[in-house]
Amino acid sequence: MMHNLAANILKLKKEFQNDYDGKSHIQEAIPKSESEMFPITDSELALLHKFAKKNPIYYNSYDKIISGTDCIVYEGDINRYWLGSITQDSSHAPFWPTWIMSAYVIASYCKEFGFNEIVDVGSGDGRIAYCAKIVGMKSASIEIDSELVKLQDMLSDILDFTPYCSDASIFDYSSLNLKFPAFVIGGISQMGGSELATAVMEKISSDPKQNGWVFTGTYSQKYGQDPKNNAGWGTLIIKNNLRVMQTVTLPTTWTFHETIETPYVFAISD
C-alpha cells in the first residue's frame with residue numbers, strides 16, 4: 001500500500017506543479033478525504049490538515065481538484081525560519097521542509113519496517129515527528145533553532161510529540177529510552193547531512209541495539225554525487241555497515257519547481 005501511496009503523491013505533485021500559477025514561497029496539497037488513490041483514513045487526514053492550518057508558515061489555503069482528487073492547497077513562506085536556522089553556529093542544514101504528505105509516508109514506512117520510535121534529527125517544524133504520532137509510533141524531534149522549537153511547541157498541542165531544543169551532535173539519546181528507533185536525518189549528505197548523521201552515530205555508538213536510519217537524498221546534478229551512489233549516502237552506508245531496506249521517492253518543497261524528486265533511503269544496522 002505504501003508504494004502505491006507514494007507513487008500517487010508524486011502524480012498529485014506533478015499535476016499540481018504543472019497547474020500552479022501562484023507566487024507563494026512554498027506550496028503543497030493534501031487530499032480532503034480517503035479514496036482509492038489515497039487510502040488514508042479521514043481521521044488521519046484531518047490531523048494532517050490541522051498541522052497545516054495551525055502552522056504559522058502557511059498563510060493561505062484553498063480548495064482545488066488535482067489529478068481527480070479534491071484537495072486543499074496550502075501556501076506559505078519559510079523565509080523567517082530559513083534565515084533563523086542558518087544563523088546557528090553548528091547548524092548542518094537550513095530549514096526547508098518536505099511535504100506533509102511525504103512526512104506521513106516516511107512515518108508509515110518506519111512503522112511498516114517494525115521500528116518502535118522515530119527520532120527526527122534536525123526536525124524543523126516537527127512534521128515527521130508529528131506524523132509518527134498519527135501512525136501510532138513514539139517520537140521525538142531534535143532541533144537546534146529555538147524559534148522552530150517554539151513553533152513545534154504550538155503544534156504539539158494537537159498531538160503530543162516531544163521537541164527538544166538541542167544540537168543533535170551532543171544530545172543525550174540515552175535519555176529517550178529508545179527500544180528500536182529510526183533516526184531521520186533531514187539534510188542531504190552534500191549539505192551537511194553526512195556530518196550530522198556521523199555525529200549522531202558517534203553519540204549512540206556505545207549502545208549495541210539495532211537502529212534504523214532514514215537519509216534524505218538527492219540525484220540532482222547541482223550536488224557532487226557519491227561514488228557509492230545511494231542518493232549521496234553510499235559511502236556513509238558502507239562505512240557504517242548499514243543495509244539499505246528501501247528507497248522511496250517523495251515530493252519536497254525544495255523540489256516543487258524541479259523534475260527531480262527527493263529520494264529517502266531507509267537503512268538499518270546489521
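Modeller: Gladly! Let's start with helix 4 (residues 100-112) and helix 5 (residues 127-134), whose axes come within 8 Å and cross at roughly 55°. This is a predicted model, where local features need pLDDT of at least 70 and side-chain atom pairs count only at pLDDT 80 or more, while totals for chains, interfaces and linings use all residues. Residues are numbered from 1 along each chain as its sequence is written, and side-chain values use heavy atoms, with hydrogens and water left out.

Colleague: Why is helix 4 called oblique to helix 5?

Modeller: Angles under 35 degrees count as roughly parallel, over 145 as roughly antiparallel, 65 to 115 as roughly perpendicular and the rest as oblique. The crossing is at roughly 55°, so helix 4 is oblique to helix 5.

Colleague: Which residues make the contact?

Modeller: Contact means heavy atoms within 4.5 Å. Helix 4 brings Ile-100, Ala-103, Tyr-104, Ile-106 and Ala-107, and helix 5 brings Arg-127, Ile-128, Cys-131, Ala-132 and Ile-134.

Colleague: And the sheet: what makes strand 6 and strand 9 its edges?

Modeller: Two strands pair if DSSP finds at least two bridges between them. The open sheet has 7 strands in the order 6-5-4-7-8-10-9, with mixed pairing. Strand 6 (162-165) and strand 9 (242-250) each have a single partner strand, so one side of each lacks a neighbour in the sheet.

Colleague: How do you know that strand 7 pairs with strand 8?

Modeller: Strand 7 (residues 181-185) and strand 8 (residues 212-216) run parallel and are joined by 4 bridges, and the definition asks for at least two. Val-184 stands opposite Val-214 in strand 8.

Conventions
Axes fitted to C-alpha atoms, helices over the stretch in contact; angles between N-to-C directions. Helix = DSSP H or I, 4+ residues; strand = E, 2+ residues; numbered from the N terminus.
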